[in-house]
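Student: I have a new model open on my screen and would like to learn how to read it. Could we go through it feature by feature?

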Amino acid sequence: MKFKKMGLLTDPGAGRGKLTQVLVCHHSKLCALSYIGGVIWFTLLARDAFNAGTYFSENALLPGLVKEEFDESAIAKTYLSEINDEADRYPDAVPYPWLIAKLKQLNLDTYTHNFTLHYPLGPGRKFTGKNVYGILRAPRGASTEALVLTVPYRPPNSIHPTTAPSLALALSLAKFFRKQKYWAKDIIFLVTEHEQLGVQAWLEAYHGVSCGRDGVLDAGSLSGRGGSIQAAINLEIHSDQVASIDVKIEGLNGQLPNLDLVNLVHRMCLKEGIRHTFKDRDDPRDSETYEGWMHAFHTLMLMVFTQASGVPNGNHGLFHRVVERVFRSLNNLLERFHQSFFFYLLPATDRYISIGMYMPPLGMIGGGLLIKAFVLWLKMQEDKESSPYSEKSRRDGGEVEEKRENGDSDKEAKIAEDKEENKEKGNNDEELRDEECSKLPNPASFKEQGVQSIRNGLAWACAVFLSAHVIGLALLSSTKGITVIGYEYLGLPTEFSLFIGFVIASLLLIVLFPVVCSSASEKPSPCKSQSNGTEWAPFLNIAALLELATVLLAISMHNFSLGLVYAVVFTPSALWIAPTKSRFGIEAVTIEGFAPKVKSKTSPAGFYQLGKLRKGIQRILWLPLQPIILLVIVSLIYTAVMFPEEFAHFDQSFLTRAFSAASNALTFSVVDSYAYGSWFKAVSQSRAKPGALGGKETTSFQPHIAFLSG
Amino acid sequence: MFLSIKIRIKSFAIMGTLLLTLHAVAGIARYWLINSEYQQTIAGRVEVSTPLNSWKRVTEGVYLYQEGIDPYSGDMFHETPVGLYVFDWLIRNCSQWLGIIFVASDLLTAHLLYMTAKYFMVELVETENRERNSYAKDVGNILLKEKDLREAPLHVAAAYLLNPYALLSCAALTTTVFSNLCLASALLAMVSGRHILSGVFLAVATYQSLYPAVLIVPSCMYAARSFGPSKTITGKFKVFTTVGVFLISLAFILCASAKISSGWHFLNSVYGCILTVPDLRPNVGLFWYFFTEMFEHFRSLFLAAFQLNALALYVGPLSMRLRSAPFLLAEALVALAAVFRSYPSLGDIALPLALLPMWRHLFAYMQQGFIVGCFLLITSVLGPTVWHLWIYSRSANANFYFGVTLFFATAQIFLITDLLFAHIKREFSLRNGLKQEIDGKAAKLVLE
């Protein structure tokens, strides 16, 4: 230890360090800069200079060494016509007898699998389904490992495009694979009913686990199993004329497949000379140009939004002979894909952005939150330190209160105080006036006015924080109750009652919470209006900022895209709206909160706004971020984009459609979370069914339950 | 320190109520968690349950013991034989009261810490009064404040009772609850000047988890302090008795253990496991990753290095520097052992964290409180997140988890160094006055 003229900020004895001073003075600029910088950086990631070319990290795939021998194209055509005949006979169901007969004919171990979905909302509705699968036992292995080829079967009456060609292809592949001697892994051909639900049920039954809530999806049991699943590929071909292959990768909760698998498919297509795309978009022709960057960035954003929704985009791929190559490469695998090649974004088919490249921009976007929290903390310390020098506070007969939010002492809000003690403190204060001492902070000389109010204030801070989370949790678990009430007493359909219930709850909270809080926090402090709430406002503010930052980080680890969307939407408001002692010299009472917190799905931002009227503007700014309102807004925009003609003459039908989209979104997200255990139920999930296309589009934004589903 | 009796009574009444409320809240929270559906999840977390303290292993060992199979013959059970005997008795006779026993032990620990803090406050005041003459003139406002002294014990109790780490540790029914109890008893005996008792409790704590052995140094320092005229002789004698009692008690317990487990092979299972780290299940510590990655023939070298780091490395220098503050030394050693031990759990970390508010008068000198707080918060959330990604989603890997635990350990080390440096800065200011100048310009203290 030694003396220095200029030092690091390690000694409080000499006031603030330079860095700290810079931080405090310029924190708003810094936060804004880091936010904008982060966003710009992220947009730049689509440029080749900022991302990397894909490569194979798993050499055992030996992707170049496979020579395809597939010669069953003719039989595929036969299968297709047979399937079409069968489909005419069973317009609503899977042609099980035919399918099972075909698989058995190929000498595969053929089994069926029944599953049941107990609809979680509303009383006692049940849906059943049946999967068929055949296992090709590995001639050169001990059935300890398996590859899966799945085909979702869609009866003609389904709203989705048919997958009959892919079933034909799968069967012809099975026929071809059967004759080969080199398989070291079991190959399971799985035909599922009810799209993702069927796959989910089959996987749950295969592994003997349950991901969703108990008793919702009854996965049943399997009578035959292969080895542990190494890789799976889902095949969807809508016609027998294949023009291009689109690789779809986003899974449940934004999980991604190993990049090697994706690369493998692209590489194989390249070798075959088949047009292969990602997000239905070709690679930019010249990536160095502005157009090239725009193109790549557009692709990137499409991926971000799909991943952020956390809803798997089911139609996985469109393959032809490539499938054989892929399976033979996979057959070479020595071990499961294990390298951490699961964290990536793709701006093109042959470029990728790894976790090391995309985390820094997110860090910059969210970093402002930490800076802000730190500055607020410093200011709070400073306020305490400076207070003994204010004549007024001394004469007010205030008592001593030192609040340390250090570590766990946070919770010791309710510290006993006695008034007489202050007489003694008076002497200390005299000492403090001493110029010699004025440079040093004095831990015990922190003064304030009206201990009573502080104590209540801190209690309130904790109460607000806790109750916001408790209300959020309660709402989260209330979905069933709401629908039952709606159904039994009002005769409303599920979606409607759920939506209305949430809207009412949110409105109540928005209106009631601030009123209750402000009235309650005003009452017990007759001492001084100034001390009312002001002391604990920063504390709550800091807690909320830190919570947002932490949650952001945790989410972005799970699902980067969701974290990114979340950060971009909420950071600016969090940064802008957090006033402590505002510039106008008004004591600030407004605490901002973060609506979609860890558990508080519907804890509206309004919760925290114990503001007075003058904070109205800020409150209005927060309102759109309140989940249910955000949901409506997103639905409106989405509907406007999907149905521009209706948007043109903005009338009732447009609003109805948007409204039903919003309520459907809510319902589906709830049901999804019950059935799949998706760790976030997307609130603002908007879904529309463009009848002509019959496709399903889903966009969702906010996380409800943060993490740890497993 | 002026305080009228009236105030004393009044404040005591308020504090008593608060303390009771805290105990009640903490007790209810713990009891609820133990009986809730989350208990299994918490008990299964690697951060909370390690091979050394997990209740599952205890029940396994007890079952084997009851069946007449030596639990130490396998590598499943690492509790001490006395622990085995006690848990066997508990499981036989009061298995329905187990939750209550764990909660009561934890509450008792909190109370012992509270008492410890009270004694320590008295000691602080006495030290200050004794040394007041040697302080510089202008230090009036950095002297101890009555308020700090009055509130610190309560804060210590609250910091243990409401500590999420302690809460989880108790909810998972880890045997760390009892280790902490022993450690707290040893600290209380030490700080209250009962040197014989401190020797005994220290022996028990050491017997349980080995690492508290280093606390014999601060214990001896306390024993050597005597304020009477026959300073040196009494001091030496007391040091001698403390060490003697410690060794004798330890020997006695070990012999009793040998009797219980009929042989000395338990030593290998209990202390061998602590020292040689055979079980490399991930935990919040630093051992598992290194020893998984390392070439096998370097193992003994690194074991020695790591264990020296955890046990002995800091004792010498810190003892010399903190001669005048033995309890701070004890805190530093406990905290360091919690970071560097081979199988740390959150329960181990809770104790030194809970002791922190005793040094409230140093908080103004601490610079990294906020940063450390953020670190602890973020790593506590991120740890389970990346664990999930690693184990369940299989997308992340061990490096992610180790990275997070590394940050967690770093944060704790920051906290310790910050506290120690704050102490040194305050001492310096007390001796040399507040105003420091070099060449007529204000200077500041910098750690280099």
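Student: Is B:Asp88 buried or exposed?

Tutor: B:Asp88 counts as buried, because its relative accessibility is 7% and the cut-off for buried is under 20%. Keep in mind that this is a predicted model.

Student: Which residue does B:Asp88 form a salt bridge with?

Tutor: Its partner is B:Arg92, and the closest N and O atoms are 3.3 Å apart. Both residues belong to helix H4 (residues 81-93) of chain B, where they sit four residues apart, about one turn of the helix. B:Arg92 is exposed, at a relative accessible area of 53%, whereas B:Asp88 is buried.

Student: Which parts of the chain does the pair B:Arg426 and B:Glu128 tie together?

Tutor: Start with the contact: B:Arg426 and B:Glu128 form a salt bridge, with 3.7 Å between the closest N and O atoms. B:Arg426 is in helix H19 (residues 398-432) of chain B and B:Glu128 is in helix H5 (residues 98-131) of chain B, so this pair connects parts that are 298 residues apart in sequence. Both B:Arg426 and B:Glu128 are buried.

A second salt bridge joins the side chains of B:Arg431 and B:Glu131, at 3.1 Å from N to O. B:Arg431 is in helix H19 of chain B and B:Glu131 in helix H5 of chain B, so here the parts tied together are 300 residues apart in sequence. B:Arg431 counts as partly exposed, with 36% relative accessibility.

Student: In which sense do strands S4 and S6 of chain A pair, parallel or antiparallel?

Tutor: S4 (residues 126-136) and S6 (residues 186-192) of chain A are antiparallel, and five bridges join them. To find the pairing on your screen, look for A:Leu136, which stands opposite A:Ile187 in S6(A).

Student: How do S5(A) and S8(A) pair, in the parallel or the antiparallel sense?

Tutor: They pair in the parallel sense, over six bridges. A:Ala146 stands opposite A:Ile229 in S8(A).

Student: What should I know about the backbone angle phi?

Tutor: Most residues other than glycine have a negative phi. A:Asn107 has a positive phi near 65°, though it is not glycine. A:Asn107 lies in the loop between H3 and S3 of chain A, and it is exposed, with a relative accessible area of 56%.

B:Leu173 is also a residue other than glycine, with a positive phi of about 55°. B:Leu173 is in the loop between helix H7 (164-171) and helix H8 (176-191) of chain B. B:Leu173 is buried, with a relative accessible area of 10%.

Student: Which numbers help me see chain A as a whole?

Tutor: Begin with its parts: chain A has 20 helices and 14 strands. Of its 710 residues, 58% count as buried. Chain A exposes about 28,900 Å², of which carbon and sulfur atoms supply 60%.

Student: What average pLDDT does chain A have?

Tutor: The average is 63, and 48% of the residues score at least 70. In residues 1-15 of chain A the pLDDT is below 50, and this stretch has 56 contacts in the model beyond near neighbours in sequence. Residues 387-454 of chain A also stay under 50, and the model has 158 contacts for them beyond four places in sequence.

Definitions and conventions:
Residues numbered from 1 in each chain as written. Chains lettered and ligands numbered in written order. Predicted model: local features only at pLDDT ≥ 70, side-chain atom pairs only at ≥ 80, totals over all residues. Heavy atoms only, no water. Pairing = 2+ DSSP bridges. Helix = DSSP H or I, 4+ residues; strand = E, 2+ residues; numbered from the N terminus. Buried < 20%, exposed > 50% of the residue type's maximum accessible area, 1.4 Å probe, protein only. Areas by Shrake-Rupley, 256 points an atom, 1.4 Å probe, with all protein chains shown as cover. Salt bridge = Lys/Arg side-chain N within 4 Å of Asp/Glu carboxyl O. pLDDT = per-residue confidence, 0-100. Contact = heavy atoms within 4.5 Å.
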